Amino acid sequence: MTRFIIRRLILSIPVLIGIVFLVFALARIIPGDPCVAALGERANAATCARYSAEHGLDKAIIPGVFRVDGRLEIRLTEAPATLVDNQFVIYIQDIAAGEFGVSSKFGLPVTDLLIQRLPTTVELTLYALTFAIIAGVSLGIISAYRRNSIADVFTMLIANIGVSTPVFVLGLVLAYVFAVTFKDTPFALPPSGRLTAGVSVTPLAEAWGLEGLGGPFRAILDFLSNIYTFNALVTLNFSLLADTVRHMLLPALALGTIPLAIIARMTRSSLLDELGLDYIRTARAKGLRDRSVVMRHGFRNAMLPIVTVIGLQLGGLFGGAVLTETIFNLAGVGRAVTEAIGARDYAVIQGFTLVIAVGFVIVNLLVDLSYAYLDPRVRLG
Amino acid sequence: MTVTTPPAMELIEGDLRGSRTTSIWRDTLGNLLRQRNAVIGGAILAFFVVVAVFADVIASYDPNAILISSERGAKKLAAPCIHALGCAAAQPEHYFGIDGNVRDVFSRVVHGTRVSLRIGFLTVGFAIVIGGLIGALAGYAGGKIDNFLMRIMDVLLAFPSLLLAIAIVTVLGSGLLNAQLAIGVVAIPVYARIMRGSVLSIRERDFVTASRALGESSYGLLGRRIIPNALTPLIVQGTLGIAAAVLDVAALSFLGLGAQPPQAEWGSMIGLARNTIFAAPHLVIFPGVALALTVLAFNLLGDGLRDALDPRLNR
C-alpha cells in the first residue's frame, strides 16, 4: 500500500506543476486592461501607471513579454533583463511562501478572501454530497433489491429526470415553489442568502478566548468558524444551526440532484452485478436473512464503483456551485471567481482557481487511495 | 498444379470490412431497438429534430419580434394563454406566455431547439475529432509522446470543467461560438483518454500485427486498421457527451457568457428570466423543460447505445 501511495503521489507532481502554469497563463491572457477593469472611470494614464506599479503589472509577464494597453507585446531585446524580474517568478515565489497577493477588486489579501468565501462553498458542497449519497445509495439499493418492480421503475425514472435537469433550472423552480407556493406554511424556505438578518455568528476565536492567536492556526480557526454548521455545533448555538440548515436546504437539493441520480444508477447497477454472483446464492443457501445478504455481502462488494463515482461527482459539484451560488445569492468561491474574471482581478483568479484545482487533485488522490484500500487488486496490479 | 490464393491484404480486408463488420452494426441496431430507454430517447430526439427543422412553420411569431406595438393586449410577462383551455378570447393567444421584452415565449423555445441541437452536435464533434486524434497518437506512439500528451490531458482534467470553461470563454470573449469552443476544449481529455485506452488494446491484436508484417505504413495502420476499430467506445461516450455539452453551454449562456440577447437560446432565456422568477415562473419552466427533455433524450439514447454494444450491461 505504501508503494502505491508513493507512486500515486509522484504521478500527481507533474499535474500540479501543469496546474500552476495553466492558472498563470489563463489569468494573463484574459483580454482587457486590469487597471481599467479595477478603476473604471477613474482610469487614466497617471492612475493606471501608479496602479500597475503597485500591483507589479508593469513588469514583464514572462521574460520579454509585456502587457501594454491591454495587449500582449513581445520585446525580445528586454528578455535577458527580465529573466528573473518578471511576474511569473514573483508568482512562483508567492505560491512557495503561501501568499496569493492582494485582490484589486475586493481590496483584501486573497488568503483572507479565501477564508471568507471557501467555507460557504465547502459547506454547500458537503450538504449537497451528503444528500446525494444518502438518498442516492438508498434509492439504488431499493431499486436493485426490488428489480423491475414499480419502485424500481419509479426510482430510475426519477434518476433519469434528475440527471437531465440543469442545476439552474431546478434551483429557480425550487426557489419559486418553496418561497412563493409554500409561503406562510411550515414548508416555506428562504430562497437566498446564508443567514436571516439578525442571526449572529460568534467567531470561534472569540468564543474560545483565542483572539490573540495569529498565523496559520488563526487562519484555520477562522476558516472553520465560517463553516456555520460546524461553528453552531461546537458552540451549541442551535438558532444558528437551524437557520443555516434552512438556508442550505434548497441550494443543496438543487446542487445534489444530479449526483444523487448518478449515484443511484451506479448503486443499482453495481449491486445487481453482485447479487447475481455465486457467493450470494451460497449466502442465501446458508439461510442468511435477505437483509444480511444484500447489505453485508452484496453491498459491501458493490461499494468500489460507488466510491469512485462519488469522488468523480466532486468536480461537477464545484462547477455546479458556481451556478447554485449565483441563483441563491451565496458568497462562495464560484461567484468570487466569476466576479474576479469580470474585474480582471489576477490575484483572486489565480489564488482561487489554484486552490480549487489543487483541492480537486487531492480529492481525486484520496478517491484513488480509498479504491486501492478497498480493492487489493488495484494496489497490487 | 497451381493453387490460386487471394493476396493476404485482401483476406484481411475481407475479414475486417466484410459481412462481419456490417453484421456487428446491424446487431447493434437490433439491440438498440430492443432497449426501451433508447427507443424513448430516440423518439424524444426525433420530435425535437422535427421541431428544429420546421421551427419557422411551428412558431407563431418571429422569435425576436417585440409585440408591444404590433399586437393589442400583449403585456409584458403575461402568463400562458390558450383559448381552448378557457383563456379569455379577448386576450391574445400565447401558448407559453410573453417574456420581459414582450416576445412570444413559445416561438423562442421552438427556435431555441435549433440552437441547442446544433450546439450538442458541433461541440461534441469538435471534442471527439481533436480528443480522438490526440488519444490515438498517444496510444499508438507510446513512450514519451504518450506521457507528454496524457499529462497535458491530466492537467485539463484537474479543473472542474465548468470553471475551466468559464476561464476559457473569458479569454476568448463572450458569445455562443466561443462558449461551444470552451466546452469542446474542456471535453477533449475525456475522449483522448477513451481513444488511447481503446487504441492500446487494438494495436496488440493479431490483425494489426498481420498488417504491420505485410508492410503497411504507420499512417495506414492507425488510420485504416486501428482507429476504425477503436471508435465504438468513443461513439457511446459522444452520445452521452452531447447531453453534457448542451447542459454546459446552456449554463454558460445562463451566466451571460454564451449566447447573447436577443438570440433565442434556452440557457440565455432562463438567465434573463432569473430575476422575474417570482412574478413569471413560466419564463423559466418552458425553456427549462425543453432543455431537460433534450438532455434526457441524449442520455437515454447514450445509455441504450452503451447497453446495445455491451450485452453484459444489458438489463
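How far apart should the ends of α13(B) be at 1.5 Å a residue, and how far apart are its end C-alpha atoms? The 28 residues of α13(B) should span 40 Å, and the end C-alpha atoms are 40 Å apart, which agrees. The expected span is 1.5 Å times one less than the number of residues.

This is a predicted model: local features need pLDDT of at least 70, side-chain atom pairs count only at pLDDT 80 or more, and totals for chains, interfaces and linings use all residues. Residues are numbered from 1 along each chain as its sequence is written, while chains are lettered from A and ligands numbered from 1 in the order in which they are written. Helices (H or I, at least four residues) and strands (E, at least two) are DSSP runs, numbered from the N terminus.

**Where the chains meet**

- Contact joins 36 residues of chain B to 37 residues of chain A; two residues are in contact if their C-beta atoms, placed from the backbone, lie within 7 Å.
- On the side of chain B that touches chain A, α6 (143-157), α7 (161-172), α11 (232-254) and α13 (282-309) of chain B each supply at least two residues.
- The largest share of that side, nine residues, comes from α13(B).
- By class, that side has 27 nonpolar, five polar and four charged residues.
- Ala, Val, Leu, Ile, Met, Phe, Trp, Tyr, Cys and Pro count as nonpolar, Asp, Glu, Lys and Arg as charged, and the others, Gly among them, as polar.

**Buried helices**

- A residue is buried if 20 or more other C-beta atoms lie within 10 Å of its own, exposed if 12 or fewer, and partly exposed in between; C-beta atoms are placed from the backbone.
- In α13(B), 25 of the 28 residues are buried, so the helix is largely enclosed by the rest of the structure.
- Helix α14 (residues 333-342) of chain A is mostly covered, with eight of its ten residues buried.
- Among those buried residues are V333(A), R335(A) and I341(A).
- Their cover includes α5, α13 (290-327) and α15 (346-374) of chain A, together with α7 of chain B.
- R344(A) follows α14(A) and has a positive phi, near 50°.

**Backbone features in loops**

- N148(A) is not a glycine, yet its phi is positive, about 65°.
- The loop between α5 (110-145) and α6 (150-164) of chain A holds N148(A).
- N148(A) counts as exposed, with 9 C-beta neighbours inside 10 Å.
- V102(B) also has a positive phi, near 55°, and sits in the loop between α4 (55-58) and α5 (105-141) of chain B.
- With 18 other C-beta atoms within 10 Å, V102(B) is partly exposed.
- The peptide bond from P261(B) to P262(B) is cis, with omega near 5°.
- P262(B) lies in the loop between α11 and α12 (266-273) of chain B.
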